[in-house]
Structures are given as C-alpha cells and as structure tokens.
Protein chains: 2
Amino acid sequence: MSAVAPLSSAETPAALIDRLARAGRAAQRRLARLDSRARAEALRAAAAALRADEAAILAANGLDLAQGEARGLSAAMLDRLKLDPARLAGIAAALDQVADLPDPVGQVIDTATRPNGLVLSRVRVPIGLIGIIYESRPNVTADAAALCLRSGNAVLLRGGSEAVHSNRAIHAALARGLASAGVPAEAVQLVPTQDRAAVGAMLAAAGLIDMIVPRGGKSLVARVQADARVPVLAHLDGINHTYIHAAADPAMAVAIARNAKLRRTGICGSMETLLLDAAFPGAPAVVAALLDGGCELRGDARTQALDPRIRPATAEDWDTEYLDAILSVAVVDGLDAALAHIAAHSSAHTDAIVTADDAVAERFLAEVDSAIVMVNASSQFADGGEFGLGAEIGIATGRLHARGPVALEGLTTYKWQVRGTGQIRP
Amino acid sequence: MSAVAPLSSAETPAALIDRLARAGRAAQRRLARLDSRARAEALRAAAAALRADEAAILAANGLDLAQGEARGLSAAMLDRLKLDPARLAGIAAALDQVADLPDPVGQVIDTATRPNGLVLSRVRVPIGLIGIIYESRPNVTADAAALCLRSGNAVLLRGGSEAVHSNRAIHAALARGLASAGVPAEAVQLVPTQDRAAVGAMLAAAGLIDMIVPRGGKSLVARVQADARVPVLAHLDGINHTYIHAAADPAMAVAIARNAKLRRTGICGSMETLLLDAAFPGAPAVVAALLDGGCELRGDARTQALDPRIRPATAEDWDTEYLDAILSVAVVDGLDAALAHIAAHSSAHTDAIVTADDAVAERFLAEVDSAIVMVNASSQFADGGEFGLGAEIGIATGRLHARGPVALEGLTTYKWQVRGTGQIRP
C-alpha cells in the first residue's frame with residue numbers, strides 16, 4: 001500500500017532521488033487534474049487512516065523512542081519525537097483543518113483586456129514537487145504533506161533517522177487514505193533511506209525538485225541553505241528586535257516585552273534584543289519585569305546603569321539568537337539609532353516597535369526591511385496560525401517569492417492565460 | 001560625476017563586487033526613502049542627461065564599433081551594438097515611459113483584521129540590489145537601470161566588453177541626471193572591470209545581491225543559471241509550441257502559424273514547433289503557407305506526407321530553439337497527444353492552441369504548465385509591452401516569484417505590516 005519505492009542495492013542516492021523526483025513530478029501532473037473537493041476529501045481520508053492506524057503508529061513510535069533513549073537523545077529531543085493518542089489525534093485533526101482551508105489553485109490574481117482584445121489572466125497553479133527535509137518531529141510527515149497536497153503539489157519527504165519508524169507508519173497510513181480517494185501514490189513519497197547522501201542529492205536536484213523546505217534546527221537550515229541548488233524556503237535565525245520608543249505606553253511596554261521574550265523562549269518569533277529609547281521613562285520597569293520574570297539580561301554600558309543585575313554584553317550578543325531566557329538590551333538615542341541597530345543586526349524575521357506616536361510607528365513600518373514589522377504587538381504573534389493562514393509550511397526570511405509565514409498561497413505560483421480570437425502581432 | 005568606484009590594483013574581483021554590493025545596498029536603503037514622484041523625476045532627469053550627452057555617447061559608441069569591427073564581430077553583433085541619434089532618442093524616451101509607469105512600491109496586496117484586533121497588511125517593497133549581466137546591447141544599461149530604480153531597487157550593471165565605452169558614457173549621463181534629482185550615486189553602479197572573474201563574483205554574492213537578471217544569448221543565460229548562488233530571473237529557451245486542434249478555424253490557423261513563426265524569427269516568443277491535429281482538415285494549407293513564406297519545415301513521417309518539401313526531423317529537432325526560419329512539425333492524434341508532446345518538449349515559455357472548441361481550449365489552458373498559455377493568438381505576443389506591463393526586465397520560465405514577462409511588480413517583494421494596540425500572545 002505504501003508509496004515508498006524499494007531501494008535497489010545497486011542504486012546510488014542520486015539515482016534514487018532522480019527516480020523518486022520524476023515519479024513525483026508525473027504524479028503531480030495527475031494530482032493537478034483532481035478538483036479541489038477531491039483533494040480535500042483525500043486529506044480527510046488520510047486523517048481517518050491515521051486514526052485507524054493509531055496502534056501501529058504508536059508501536060512504531062515506541063521503537064523510535066527506545067532507540068532514541070539507547071542513543072542518549074536529550075529529553076527535549078525525546079519529547080519532540082514522542083507521540084501519544086492525544087498528539088496523534090491532533091495530527092489527524094490538523095489534516096481535516098487543512099482540508100477545510102480555501103484552495104488557492106485556480107484563483108485568478110488579476111485579469112485585463114488589451115486594446116487588441118486579448119484577455120490576459122494570471123491564475124494560481126501549484127509549484128510542482130516540494131522537498132521537505134526535517135528532523136525528529138514525526139508530525140511534519142503529515143502536516144507538510146497535507147499543505148503540499150491541498151495546494152496541488154507533490155511532496156518528497158526526508159525525515160530524520162530518529163523518527164524513521166514513526167515516519168514510515170504515518171506515511172503508510174497517509175498513502176492508504178490518499179489512494180482510497182484517488183490521489184496517485186507517488187504524490188507523497190518518503191525517501192526510503194537514511195543515507196545522508198540522499199539529502200545532498202535532493203539539494204542538488206535543480207529542475208526536478210522545485211523548492212526545498214527545511215524543518216528543523218539551525219544546523220540543518222544552514223546546511224540546506226549553503227548547499228542547495230534548488231530554491232529554499234526557510235529562515236535561519238529569528239534575531240528579533242523590539243524597540244521601546246520614548247512615547248511608548250509604559251504598561252504596554254512591560255507587557256509586550258515580557259510576552260515577546262518569555263511566553264515561549266524557544267520559538268523563532270521570540271524577541272532576542274530589546275532596544276530602549278534613552279528618552280523612555282519606563283525603561284527601569286521594563287528591565288525589572290524581565291529580570292523578575294527569570295530572564296538574564298546582557299546590556300551595553302548605558303543599559304547596565306538601569307539595573308545592577310544586567311550583565312555586560314559582548315559584541316557577539318547583538319547577533320545571537322538565544323532561544324532561551326536570555327536577552328540582549330541596548331539603550332538607543334531615538335528612532336534613527338534604533339533603525340540603524342536593526343539594519344545592522346536583524347535577521348529580517350520579525351521586528352517590532354512600541355510607541356503611541358503614529359508618525360514614528362509609520363516610519364518604523366516603512367523603513368524596517370524585515371519579513372514582518374509590528375507596531376504595539378508581541379513578536380510572538382509571528383506565526384501562520386496567528387496570521388489567519390490556517391497553518392504554515394514555514395517562515396521565510398528570503399526576499400523572493402514569499403516572506404514571513406508561508407502557507408498554501410506560498411506553495412503556489414501562477415501562469416498567464418491568454419484568450420484570443422485570432423490576434424496576430426503586427 | 002560617475003558612480004563607478006575606482007578599481008584599486010590590489011583589489012580582487014571578489015573584493016570589488018563585495019565593496020560595490022555593500023555600497024549598492026546602503027544606497028538602496030536611502031533610495032527606498034525617496035517617494036515615488038522623486039524616483040520618477042530622477043528618471044526624467046536621467047533621460048534629459050542622456051539627450052544632453054548625445055555627442056559624447058555616440059563618440060564612445062564609435063570607439064566600440066571600431067574595436068568590434070577590428071575584432072571581427074558579426075554584422076548582427078555590430079548592429080546590436082550600434083547607436084545613432086534615433087536609437088539614443090528611443091533609449092531616453094523609454095526612461096520617460098518607465099517614469100510614467102505606476103509605482104508598485106507601497107501597494108497594499110491585502111489586509112485583514114484578526115479577531116484579537118491585530119491589523120495585518122502585505123505591502124510591496126523593493127527586492128533590494130539587482131545584478132544585471134548583459135551582452136552587447138548598450139540600451140540595457142539604461143533600460144534595466146530605469147526599471148530597477150522605478151521599483152526602488154539599486155542595480156549593479158555588468159555589461160559586455162564589446163560595449164564598454166558606450167556603457168560608461170551612458171552610465172555617466174544617467175548618474176549625473178539621477179544625482180541632480182537626489183538619487184544616491186551608488187544606486188546605479190557599473191562594474192568597472194571587464195575581468196570575467198567579476199561575473200563569477202556577482203553570481204556567488206548570495207546575501208549581497210538579491211537577484212541576478214542575465215540579458216543576452218543562451219550561453220550567457222546557461223552559465224548564469226549553472227553557476228549562480230543568487231536567485232536568477234531568466235529563461236534559457238523559448239521552445240514554444242502551437243497546436244492546431246481539429247476544430248481550428250482554417251484561416252485563423254494559417255494566419256497565426258505564419259505570424260508565430262515568421263513575423264520575427266529571432267525573438268524568444270517565436271513558435272519553434274507546430275503540432276497539427278491529424279483530424280484538422282486545413283493542415284496542408286498551413287504547411288504550404290509556411291513553406292511559401294520561406295520557412296524550412298522538419299517533420300515526422302506523417303507530416304512529410306502532407307507536403308514533399310518537408311524534410312525529415314531528427315529526435316533533436318523537438319528540443320531545438322531555432323530562432324530562425326526553421327520549424328519542427330508533428331502530426332498528433334488529438335488533445336492528449338498534443339499535451340503529452342508539449343509536456344515532454346516545452347521549455348515552459350509560451351505554448352498556444354488554435355481551436356474553436358471552448359472546452360478543449362480550457363483544458364489546454366489548465367493542463368499546459370508553461371509560464372504563458374494562449375488560445376487563438378500568436379505566441380509572438382509573449383512580451384511585457386504587449387502584456388500591458390509597459391516594459392520588461394525579462395521573461396522568466398522558473399516557477400518561483402515571477403513567471404512570464406516581468407516588469408516592475410516582479411522587481412518587488414512584500415513585507416507584513418502588523419498594527420496592534422498592545423496585543424500579547426496568550
């Protein structure tokens with residue numbers, strides 16, 4: 001029932017990826033001819049198959065957990081790997097939710113009639129074959145496949161070795177459910193080897209794989225970005241700034257700073273650098289709230305004068321994504337100094353200002369060139385679900401195609417449809 | 001007056017490109033703060049400077065032409081290189097036209113208010129620094145710079161050695177005109193060396209140059225696509241098909257086939273393969289019209305039965321972009337066979353159908369996955385001007401960011417602006 005093609009012993013990783021990618025592309029063309037309702041029904045059938053396979057999937061996951069413990073994986077890694085009935089139900093429910101999302105394929109972006117009568121339309125179409133390279137979270141197998149299929153794309157999944165049994169069991173269930181609804185088996189393929197050369201072959205498969213999405217830690221993303229010949233949708237860092245302007249509401253500044261840093265410290269949208277305007281009278285209260293909340297602060301000389309508990313920052317701190325209860329803090333002299341600091345150190349993920357001055361807010365929104373720019377809100381809102389996209393395949397800090405949280409629309413491109421009545425060019 | 005930085009003798013090409021790119025990025029940030037009207041005025045000032053420098057530019061062009069003749073350039077190359085008062089006036093007029101185009105920067109793509117009151121907008125912003133690598137046409141110096149500046153981008157121009165004096169003279173005029181209107185000099189830079197290693201350095205400058213647009217022949221585009229670590233906007237080939245369906249109007253089929261192939265044979269939108277439905281009764285007339293128009297036809301066995309003047313095609317012909325009065329022709333059995341031929345051989349540039357059957361036309365529009373898909377029109381309309389874009393920086397056959405003719409909108413990306421009133425994430 002599985003769409004995992006057997007790996008012949010003589011086949012190199014590059015030949016394997018070539019074969020899987022060609023099969024995936026062919027399946028995508030058939031998938032693209034299914035209508036939106038059929039693709040949604042297939043996702044619901046896949047969700048049902050996941051629920052039906054609960055025992056098999058949890059047993060496979062138990063194997064992975066046992067191996068992980070034997071290999072000495074950290075508690076955090078084991079937690080990311082672990083499935084239980086509630087988590088599996090959540091994965092299945094997410095498939096149903098993606099099925100309910102509006103389908104971007106076929107949407108007309110714009111249309112125009114030329115003076116010669118030609119009617120031109122730009123219409124959204126799937127990108128083609130998406131490669132997903134991910135680490136220990138087995139839910140990515142289902143989540144990423146669902147977003148790709150909902151938008152008419154085929155997907156080639158390459159999960160981490162820690163989750164190999166879980167991924168195979170989840171993939172087998174998905175494949176059975178999708179096939180029952182008429183989706184070609186090769187539309188969702190799992191790379192059937194843990195040979196790391198297969199990852200290299202995916203990254204090199206320009207023209208066969210249309211886009212790669214890495215899902216995992218910084219070292220994975222850095223490797224993918226460094227080596228890929230295929231376009232990559234990703235962010236490497238979330239070095240996110242919150243600038244508290246002189247005219248910020250003091251209570252709002254405290255609430256946003258605490259939330260942006262401490263609600264969850266390990267997500268890519270968390271604040272990593274706080275910029276305090278020298279003219280903001282509430283700075284000591286913001287600093288105290290963060291310190292009292294258990295956050296380590298590393299500041300420049302002017303910041304240290306605010307509170308003796310602030311440690312000295314090194315040059316490196318301004319370019320560090322802590323993903324922890326640690327924050328770099330600087331005092332800046334006004335908006336221009338804040339903009340200069342952000343231009344020099346931001347990773348272009350999410351930068352925010354807190355201010356009651358609308359003109360200052362608008363300058364910040366216009367001049368900070370990050371994927372997401374916020375006024376008077378916590379940077380922890382940087383998330384596809386919070387943005388109303390229903391889900392996300394990832395957050396992109398590149399400048400082309402799609403930026404910020406990317407969901408179904410970012411998994412499409414467009415083509416020009418031209419309807420004539422016999423026009424020839426003079 | 002020129003923005004060309006002097007090349008220190010000790011500076012490697014990589015160091016040169018690094019320096020120019022950093023200067024260009026810094027200038028782009030200042031450029032982005034100019035409003036739309038100021039950028040348009042700057043282009044008009046640049047057009048005026050080109051007109052004022054006519055004598056100097058034509059003298060520089062004369063040097064290039066003399067060198068080109070001495071180096072034995074072909075007549076076609078010399079013609080592409082040559083400027084005269086009329087051509088220079090056309091280049092200046094094109095700058096004025098780009099100044100008149102609507103500015104995409106700041107356009108709000110969409111906006112939504114979340115249940116928590118956050119207001120999210122996607123707003124168009126410039127991509128950043130665009131690299132243009134081009135061959136002998138000196139008009140590209142002005143045209144590409146104008147499109148980049150109109151959309152708020154800085155540009156790094158690397159022209160061919162044949163046109164070095166012309167490019168420098170045009171660039172000097174542009175730089176003077178732009179500076180008079182407040183555009184930073186480094187917003188338009190000409191790479192001041194013909195060392196080919198500078199091209200390699202541009203292609204490797206990921207993170208410094210945001211997008212490369214090659215403008216020139218197939219070998220240039222192929223080299224750029226093969227070596228670039230920076231995203232490339234380009235098309236390699238225009239292997240464009242026109243399929244004459246059984247239900248095509250015979251007179252329309254003749255007119256479109258002749259125009260698509262023979263109006264101009266050397267442009268990327270010209271037809272390179274004609275697919276004749278076996279059930280189309282007008283096939284002999286289409287074939288005769290092309291042969292009588294001076295076109296060499298290379299066909300499969302069934303095609304050769306239509307007219308003895310058709311030569312046998314080799315397997316290679318189906319994948320050849322002739323850019324000449326040569327055409328490959330095949331007889332196909334119905335829409336599905338035509339779709340299969342196109343899927344196998346198209347370069348995804350522009351493919352067309354001629355038919356009076358709307359259902360067939362819609363299937364063709366839906367299932368052919370090329371950047372441009374046409375019904376009952378000549379593929380020679382594949383052009384930014386004809387599409388109403390006012391100009392084009394190029395035609396893209398890649399799948400991400402922008403497809404088909406690309407003008408100002410394709411030179412922008414977007415950012416998310418989020419306006420809150422103190423929201424924190426629960």
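Housekeeping before that: residues count from 1 along each chain as its sequence is written, and chains are lettered from A and ligands numbered from 1 in the order in which they are written. Since the model is predicted, local features need pLDDT of at least 70 and side-chain atom pairs count only at pLDDT 80 or more, while totals for chains, interfaces and linings use all residues; side-chain values use heavy atoms, with hydrogens and water left out.

So, the interface. How many residues of chain B are in contact with chain A? We get 69 from chain B, against 69 residues of chain A, with contact meaning heavy atoms within 4.5 Å.

Now the polar side of things. Across the interface there are 53 residue pairs in polar contact, both residues at pLDDT 80 or more. The rule there is a pair of N or O atoms within 3.5 Å; within protein, one must be able to donate a hydrogen and the other to accept it, and residues adjacent in sequence count only if both atoms are side-chain atoms.

Which element of chain B gives the most to the side touching chain A? That's β16(B), with eleven residues. Helices here (H or I, at least four residues) and strands (E, at least two) are DSSP runs, numbered from the N terminus. By class, this side of chain B has 33 nonpolar, 18 polar and 18 charged residues, where Ala, Val, Leu, Ile, Met, Phe, Trp, Tyr, Cys and Pro are nonpolar, Asp, Glu, Lys and Arg charged, and the others, Gly among them, polar.

Strand β13 of chain A, residues 372-377, runs parallel to β16(B), and five bridges join them; pairing takes at least two DSSP bridges. A:Met374 sits opposite B:Val418 there.

Last, salt bridges: a side-chain nitrogen of Lys or Arg within 4 Å of a carboxyl oxygen of Asp or Glu. Between the two chains we count eight, and over all chains 57. One of them is A:Glu367 with B:Arg33, closest N and O atoms 3.7 Å apart. This pair goes from helix α14 of chain A to helix α1 of chain B. Another links A:Arg425 and B:Glu386, at 3.4 Å.
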